[in-house]
Amino acid sequence: MLPSAGSSVTQLKAVDVDEDPLVYGIVGEEAMKYFAVESKSGIVWLRQPLDRESKSEMQVEFTVSDSEGVVKQTVNIQIGDVNDNAPFFYKQPYNVKIPEDTPVGTSVFTVNASDPDQGTGGSVLFSFQPPSPFFTIDGARGIVTVARALDYETTAAYQLTVNATDQDKLRPLSSLANLAIIITDVQDMDPIFINLPYSTNINEDSPPGYEVRKITAIDQDRGSPRGIGYTVVSGNTNSIFALDYISGSLTVNGQLDRENPLYSAGFVLTVKATELNEDRTPSAATAVTTFTILVVDKNDNAPQFNNSEYRVRITELAQVGFALPLFILVEDKDEGPNSMFQVFLTGNNSDHFTISPTSVQGRADIRVRVAVPLDFETIRSYSFSLYANESLLEHVGFARVFIDLINENDNRPVFSMALYNISLPESTASGTSLVRIQVS
């Protein structure tokens with residue numbers, strides 16, 4: 001136990017054969033600073049605590065006197081060690097920077113602490129409080145080692161508390177120090193697209209320069225992110241779209257037409273994002289995604305017949321309901337409601353025929369049928385118009401239909417008169433012309 005001020009240290013003993021009273025004393029300023037002696041009893045006591053780490057040995061001169069004179073005696077005082085000092089860290093707080101790709105098992109720092117006490121009281125043991133799953137520390141040497149793979153994007157810094165404890169079993173003392181381990185980023189991750197999924201619809205009348213959408217990717221190495229370059233790898237039929245290399249803006253680069261078979265099913269663009277080096281050259285870090293674009297129909301097509309005119313010859317004996325041998329195809333290349341239209345005949349005597357269907361969506365084969373009995377002797381030929389009309393006035397399909405009738409032997413001979421009456425005298429000479437009979 002550490003002696004405190006006022007504690008008795010020892011007792012001086014002297015003998016006077018004359019049995020005179022003895023007086024004890026102490027000599028020297030330094031000795032008197034730490035020690036005092038009872039003049040009569042010779043008991044030596046401490047004026048203030050001692051510190052072995054400051055002075056481990058002292059030479060103290062004591063005196064004893066009687067009526068006859070003074071005797072001096074030097075006493076060598078050894079100051080024993082007591083575990084009264086906690087370990088001391090040097091140059092704290094501690095800060096160290098290491099890259100995130102530092103291999104497991106690498107020593108990254110050494111904590112330095114000492115204890116001026118002796119024996120187990122001066123032997124220091126290091127530990128983390130609380131323990132760290134990512135770093136270990138050598139208990140005896142204070143060497144800090146990476147214990148698990150690091151990732152800047154997950155944790156950019158670790159604040160560790162180092163505990164230095166002496167190994168005195170009865171009275172252990174300890175000190176704490178902060179160790180900040182800063183993780184620096186390295187380029188070890190590919191870029192990643194954000195704002196996914198990339199899918200949109202655009203009108204087929206979108207003009208060149210129209211921005212479809214902005215594509216965005218970021219460098220996952222957040223400590224020192226690099227710029228991104230964007231390119232279209234595949235799916236850009238006829239280069240109909242343009243992708244800005246730096247901004248990622250995707251724009252229309254040509255004339256879209258949903259009715260074009262190359263574009264009607266839409267586009268599936270494969271887009272690549274490439275991290276750029278400081279000199280803007282592409283690096284090996286890339287990412288790929290798809291961008292689906294559907295082209296929305298606009299009502300920009302009028303119905304069209306497969307021919308501008310149709311000609312046919314049929315017998316005048318064709319029955320009502322007879323379908324004329326005409327191949328009439330009408331089509332609106334738009335889709336859905338945009339491809340709906342009406343078909344009708346117009347012109348002189350067009351009511352002698354019917355058509356079907358009259359309401360069409362998309363495309364249809366138009367059948368022309370006989371609506372009334374035909375008669376070559378009455379009308380020998382027909383000429384009328386065939387229309388396909390949309391709701392938009394300017395969207396009209398037009399064709400001409402010409403029908404010629406074939407004359408058939410369908411009429412008996414007819415006399416010009418049903419009854420011929422003749423009156424003549426009996427003296428009429430042979431060979432006389434009596435009447436002209438006409439038949440057709």
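Strands are DSSP runs of E with at least two residues, numbered from the N terminus, and two strands pair if DSSP finds at least two bridges between them. This is a predicted model, in which local features need pLDDT of at least 70, side-chain atom pairs count only at pLDDT 80 or more, and totals for chains, interfaces and linings use all residues. Residues are numbered from 1 along each chain as its sequence is written, and side-chain values use heavy atoms, with hydrogens and water left out.

**View 1. An open sheet of 3 strands in the order β9-β13-β12.** The pairing is antiparallel. Strands β9 (107-110) and β12 (135-137) form the edges, each pairing on one side only. From one strand to the next, the twist averages 25 degrees (axes are lines fitted to C-alpha atoms, and angles run from 0 to 180 degrees between N-to-C directions).

**View 2. The antiparallel strands β12 and β13.** Strand β13 spans residues 143-146 and is joined to β12 by 3 bridges. Opposite V144 of β13 stands I137.

**View 3. Two cis peptide bonds.** One joins Q129 and P130, with omega about -5 degrees; P130 belongs to the loop between β11 (124-128) and β12. Another joins L196 and P197, with omega about 0 degrees; P197 is found in the loop between β16 (191-193) and β17 (198-203).

**View 4. Positive phi at K91.** This residue, which is not a glycine, has phi near 55 degrees. K91 occupies the loop between β7 (88-89) and β8 (94-99). Its relative accessibility is 81%, so K91 counts as exposed (over 50%; buried means under 20%, and partly exposed lies in between, with a 1.4 Å probe and protein chains only).

Note on methods
Helices (H or I, at least four residues) and strands (E, at least two) are DSSP runs, numbered from the N terminus.
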